[in-house]
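Please open the structure in your viewer and keep the selection panel at hand. The stops below say what to select next and what is found there.

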Amino acid sequence: MTSPTNAKLVVLAGPSGVGKGTVVRRLRELHPDVYVSVSVTTRPPRPGEVEGRDYFFISADRFDSLIESDGLLEWALVHGVHRYGTPAEPVCEQLEAGHSVLVEIDLAGARQVRAARPDAVTVFLEPPSIDELIRRLVGRATESQEEVDRRLLTARREMASRSEFDHVIRNIDVDQAARELAAILGLD
Ligand SMILES: Nc1ncnc2c1ncn2[C@@H]1O[C@H](COP(=O)(O)OP(=O)(O)OP(=O)(O)O)[C@@H](O)[C@H]1O
Ligand SMILES: Nc1nc2c(ncn2[C@@H]2O[C@H](COP(=O)(O)O)[C@@H](O)[C@H]2O)c(=O)[nH]1
């Protein structure tokens with residue numbers, strides 16, 4: 001898989017609740033043509049999530065088939081519960097067509113992409129503080145207390161990995177963070 005043009009593969013990672021989804025939504029408002037990969041997941045949809053927009057919600061058997069057929073650029077068991085993966089084909093197609101691609105994934109996935117595609121540009125989105133991260137995760141109110149605790153445990157490990165990334169964006173203000181991400185994607 002090569003990208004003959006200036007098309008970039010940009011990986012956005014960061015702890016659960018830091019605001020990755022929120023920043024990517026703002027990026028899409030600013031740059032409606034940006035291509036954002038849609039992951040597959042074995043997690044059930046949350047209220048309001050739309051198939052094919054937020055995720056492709058698939059069965060564990062289907063996920064196994066995608067792994068076996070090399071259909072995923074990367075995949076991971078995230079927070080020890082559900083599997084998530086990046087479908088390889090649409091990413092390759094976009095890059096070959098000269099379009100930059102943004103993938104929003106966890107730390108394990110970011111490491112796999114970096115190994116498979118050393119030309120990928122990695123971005124870590126960090127919170128202003130751990131207390132603010134907790135406020136955001138709890139305030140979102142989409143997870144049980146048990147799940148919040150699990151995500152915070154993972155978050156502490158992920159925060160320690162920030163120096164592995166090519167860029168670090170501190171998500172204080174959503175608009176500012178989205179503009180910094182756009183600049184990395186070469187959209188400004
Ligand atoms: N800059 C910000 N200031 C204040 N609140 C924010 C900011 N960015 C995001 N939030 C809020 O934080 C919460 C978590 O954001 P979001 O769901 O985008 O996180 P995430 O990193 O995508 O999480 P996950 O990895 O679990 O999917 C949301 O309620 C969102 O509105
Ligand atoms: N390795 C991958 N991680 C992914 C992918 N898609 C999303 N994610 C990460 O999962 C967590 C949890 O997401 P949620 O929607 O259940 O809150 C989040 O941190 C995402 O970054 C993927 O394709 N591969």
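Select Leu 30 together with Ala 178 and Ala 182: Leu 30 touches both of these, residues up to four places away in sequence being left out. Contact here means that the C-beta atoms of two residues, placed from the backbone, lie within 7 Å. The C-alpha atoms of Leu 30 and Ala 178 are separated by 8.2 Å, although the two residues are 148 apart along the chain. Leu 30 belongs to helix 1; helices (H or I, at least four residues) and strands (E, at least two) are DSSP runs numbered from the N terminus. Leu 30 counts as partly exposed because 14 other C-beta atoms lie within 10 Å. The scale calls a residue buried with 20 or more other C-beta atoms within 10 Å of its own, exposed with 12 or fewer, and partly exposed in between, with C-beta atoms placed from the backbone.

A note on the model: it is predicted, local features need pLDDT of at least 70, side-chain atom pairs count only at pLDDT 80 or more, and totals for chains, interfaces and linings use all residues. Residues are numbered from 1 along each chain as its sequence is written, while chains are lettered from A and ligands numbered from 1 in the order in which they are written.

Next, display ligand 1. The shell around ligand 1 holds 15 residues, the closest being Ser 16, Gly 19, Gly 21, Thr 22 and Arg 136; a residue is near if its C-beta atom, placed from the backbone, lies within 6 Å. Helix 1 (20–30) and helix 5 (130–140) are the elements that give two or more residues to this shell. By class, the shell around ligand 1 has three nonpolar, eight polar and four charged residues. In this classification Ala, Val, Leu, Ile, Met, Phe, Trp, Tyr, Cys and Pro are nonpolar, Asp, Glu, Lys and Arg are charged, and the others, Gly among them, are polar.

Now colour the open sheet, in which four strands follow the order 4-3-6-5 with mixed pairing; strands pair if DSSP finds at least two bridges between them. Its edges are strand 4 (56–57) and strand 5 (72–78), each pairing on one side only. Strand 5 runs antiparallel to strand 6 (residues 82–87), and six bridges join them. Within this pair, Val 78 stands opposite His 82. Helix 4 (residues 107–116) packs on the sheet and touches strand 5 and strand 6.

Move to His 79, in the loop between strand 5 and strand 6. His 79 has a positive phi of about 55° although it is not a glycine.

Finally, select Val 123, one of the residues with the most contacts inside the largest nonpolar core, which has 34 residues. Such a core is a set of buried Ala, Val, Leu, Ile, Met, Phe, Trp, Tyr and Cys residues joined through C-beta atoms within 7 Å. Strand 1 (residues 9–13) gives the largest share of this core, five residues. Beyond four places in sequence, the contacts of Val 123 include Val 10, Phe 165, His 167 and Ile 184.

Definitions and conventions
Axes fitted to C-alpha atoms, helices over the stretch in contact; angles between N-to-C directions.
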